[in-house]
Amino acid sequence: MFPYEHVIYFDRASKIPVYRQIAISITNAIRNGILKAETRLPGSRELAKTLGIHRKTVIAAYEELDAQGWITVIPRKYVSVAAHIPSLKPQKWIAGDIPASYENDLNLPFRIVEEHIADEDAGSVPEIIIDDGHPDVRLSPIADLLKTYRSLTSRKYAIKSAHTGTTQGTLSLREALVSYLSVTRGLNSSVENLLITHGAQMSIYLAAQLLLERSSRVIVGKPNYPVANKAFEEAGAEVIEVDVDDQGIDTDAIEIICGKEKINAVYVIPHHHYPTTVTLNVERRMKLLELSKRFSFAIIEDDYDYDYHYGSSPYLPLASAHHRGNVIYIGSFSKILDPSLRIGFMVAPKNFIAQCMALRSVIDVSGDGYMQNALATLMNGGELKSHIRKAKKIYHRRRSFLDNLLKEKLEKYVSYVLPTGGMAIWIKLNPAFSLAQLALNPRLRISKIDKERNAFRFGFASLDETELEQAVGLLETGLQRMEGGVANQITQR
């Protein structure tokens with residue numbers, strides 16, 4: 001008799017019912033040519049006895065296979081593989097577990113974007129997480145936003161509005177954003193100049209795909225936002241790095257490069273450069289705009305946290321100047337409300353926005369119209385402005401609190417320049433101490449580290465004073481242990 005006990009596998013602990021596991025095993029045997037068309041199968045009693053299961057389970061499996069057309073059941077006579085199954089050459093049969101289909105790798109040709117990096121273990125949550133500059137969701141008006149969202153889903157007009165023209169972004173949000181950007185950033189734009197995206201990263205990607213190709217060159221800061229660099233590389237462009245000092249990206253170096261070769265775009269983060277948090281000074285802003293006109297390159301201005309500036313008013317964006325449409329301005333609400341709220345925006349000439357919409361529609365039909373309209377309601381009602389004003393005061397206080405902690409606890413271990421705004425401080429460890437070793441502490445997770453520069457971003461906005469003390473305390477303990485280890489090594493020598 002055919003050894004069905006070695007072909008049919010099931011696991012009683014599996015979430016998949018046993019009868020379905022049996023049906024899948026028989027289906028696989030047919031697919032692999034082990035069971036050919038019209039092959040007689042054992043009766044339900046016989047197979048149940050062979051497998052050590054209840055007869056009703058086998059009957060359920062046969063009913064499943066019959067419904068799908070894999071077998072033919074003649075009541076009280078016989079069960080067989082369906083006659084219309086094509087003849088297949090039997091594959092090598094190996095006793096033992098057969099891996100599920102998706103446990104195998106795809107062995108067909110496909111393009112490799114990058115090596116996959118697994119997410120950090122979600123089950124292992126450290127005591128403190130130092131992020132790279134996130135807002136404090138506990139302060140965010142998310143409850144009001146969701147309340148408005150729910151109310152919109154119950155109104156006939158609101159339902160229609162949420163499904164109309166969302167490829168570019170709902171008209172309500174674009175109208176609110178035009179007014180908001182005009183008042184807060186001096187941008188002179190219209191609703192036709194705006195595209196609402198799933199976060200700033202989508203805007204960067206769309207701009208890269210349309211501005212760059214395999215013969216293109218794009219200048220970025222060094223160091224820079226790595227995901228932006230990847231977007232430019234994926235477009236096929238050559239990424240040219242220019243040093244970023246305490247005054248921002250070196251525009252003199254950009255001028256020299258432009259004099260030697262064609263540059264298609266310059267990516268710049270003028271407010272609180274990522275990751276170093278420095279601000280591009282006035283002189284270099286003016287020069288970058290002048291170079292853009294002289295050498296005909298686009299400026300991709302990533303202004304991800306413009307709203308948080310302390311002590312004085314922030315510089316207006318490059319996009320607020322007279323630039324003949326050469327500046328593609330990108331922003332996000334993720335740094336205002338919540339990183340998981342993926343609403344970003346792009347401001348650009350109408351013809352460029354039209355092409356961004358065409359490209360975006362290939363991969364993403366539209367955004368969340370209800371959420372966009374709910375956000376517009378918060379903006380029009382003044383709640384967003386009120387939240388930013390409140391949050392800015394709290395983040396300013398937390399920045400000062402962290403500054404004092406660093407000076408008191410870590411002064412001999414680290415160096416930094418206190419940023420004029422933003423939500424993070426760029427901290428460099430002294431050469432005698434290893435950031436890689438410091439990051440091994442299971443009680444502490446540092447989200448953004450730069451091993452090459454032995455530096456990291458300390459996001460202070462999302463942590464209250466107690467949490468900031470805990471974070472600095474864990475850093476201090478780790479550095480003291482390293483210091484003790486270094487002292488012991490010197491003594492042993």
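## A tour from confidence to cores

Start by colouring this predicted model by pLDDT. Among the elements of the protein, helix α5 (residues 156–162) has the lowest mean pLDDT, 68. Strand β9 (residues 265–268) has the highest, 98. The protein as a whole averages 88, and 91% of the residues score at least 70. Where pLDDT is low, the predicted coordinates should not be read in detail.

**Stop 1: helix α12**

Select residues 369–380, which form helix α12. The end C-alpha atoms are 16 Å apart. At 1.5 Å a residue, the 12 residues should span 16 Å, so the two values agree.

Now show the surroundings. Is α12 enclosed or open? Of its 12 residues, 10 are buried, so the helix is largely enclosed by the rest of the structure. The buried residues are Gly369, Tyr370, Met371, Gln372, Asn373, Ala374, Leu375, Ala376, Leu378 and Met379.

Zoom to the start of the helix. A side-chain oxygen of Asp368 comes within 3.2 Å of the backbone nitrogen of Tyr370. Then pick Asn373, also in α12. Asn373 has a relative accessible area of 8%, so it counts as buried. Its side chain makes a polar contact of 2.8 Å with the side chain of Thr170. Past the helix comes Gly382, with a positive phi near 90°.

**Stop 2: the nonpolar cores**

Select Phe333, Tyr395 and Phe458. In the largest nonpolar core, which has 85 residues, these three touch the most other members. Helix α13 (residues 383–409) gives this core its largest share, 8 residues.

Stay on Phe333 and display its contacts. Beyond residues up to four places away in sequence, Phe333 touches Leu177, Asp338, Ile343, Phe345, Leu375, Met379 and Leu384.

Next, move to the second core. This one is separate and has 29 residues, including Val220, Tyr267, Ala298 and Met346.

**Stop 3: Thr197**

Go to strand β5 (residues 194–197) and pick Thr197. Its relative accessibility is 3%, so Thr197 counts as buried. A polar atom of its side chain lies 2.9 Å from the backbone oxygen of Gly199. Which residues does Thr197 contact, leaving aside neighbours within four places in sequence? They are Met202, Ser203, Leu206, Arg342, Ile343, Gly344, Phe345 and Arg360. Ile343 and Phe345 are on the contact list of Phe333 as well.

**Stop 4: the loop between β9 and α10**

Follow the chain from β9 towards α10 (282–295). Select His272 in the loop between them. His272 is not a glycine, yet its phi is positive, near 55°. With 1% relative accessibility, His272 counts as buried.

Step on to Pro275 in this loop. The peptide bond from Tyr274 to Pro275 is cis, with omega near 10°. Then select Thr277, found in the loop too. Thr277 also has a positive phi, about 70°, without being a glycine. Thr277 is buried, with a relative accessible area of 6%.

**Stop 5: another cis peptide**

Jump to Pro223, in the loop between β6 (217–222) and α8 (226–234). Lys222 and Pro223 are joined by a cis peptide bond, with omega about 0°.

**Last stop: cysteines**

Select Cys258 and Cys356. Cys258 is buried at 8% relative accessible area. Cys356 is buried too, at 0%. How many disulfides are there? The count is 0.

Key:
Residues are numbered from 1 along each chain as its sequence is written. This is a predicted model: local features need pLDDT of at least 70, side-chain atom pairs count only at pLDDT 80 or more; totals for chains, interfaces and linings use all residues. Side-chain values use heavy atoms; hydrogens and water are left out. Helices (H or I, at least four residues) and strands (E, at least two) are DSSP runs, numbered from the N terminus. The expected span of a helix is 1.5 Å times one less than its number of residues. Buried means under 20% relative accessible area, exposed over 50%, partly exposed in between (1.4 Å probe, protein chains only). A polar contact is a pair of N or O atoms within 3.5 Å; within protein, one must be able to donate a hydrogen and the other to accept it, and residues adjacent in sequence count only if both atoms are side-chain atoms. pLDDT is the predictor's confidence in each residue, from 0 to 100. A disulfide is a pair of cysteine sulfur atoms within 2.5 Å. A nonpolar core is a set of buried Ala, Val, Leu, Ile, Met, Phe, Trp, Tyr and Cys residues joined through side-chain atoms within 4.5 Å. Contact means heavy atoms within 4.5 Å.
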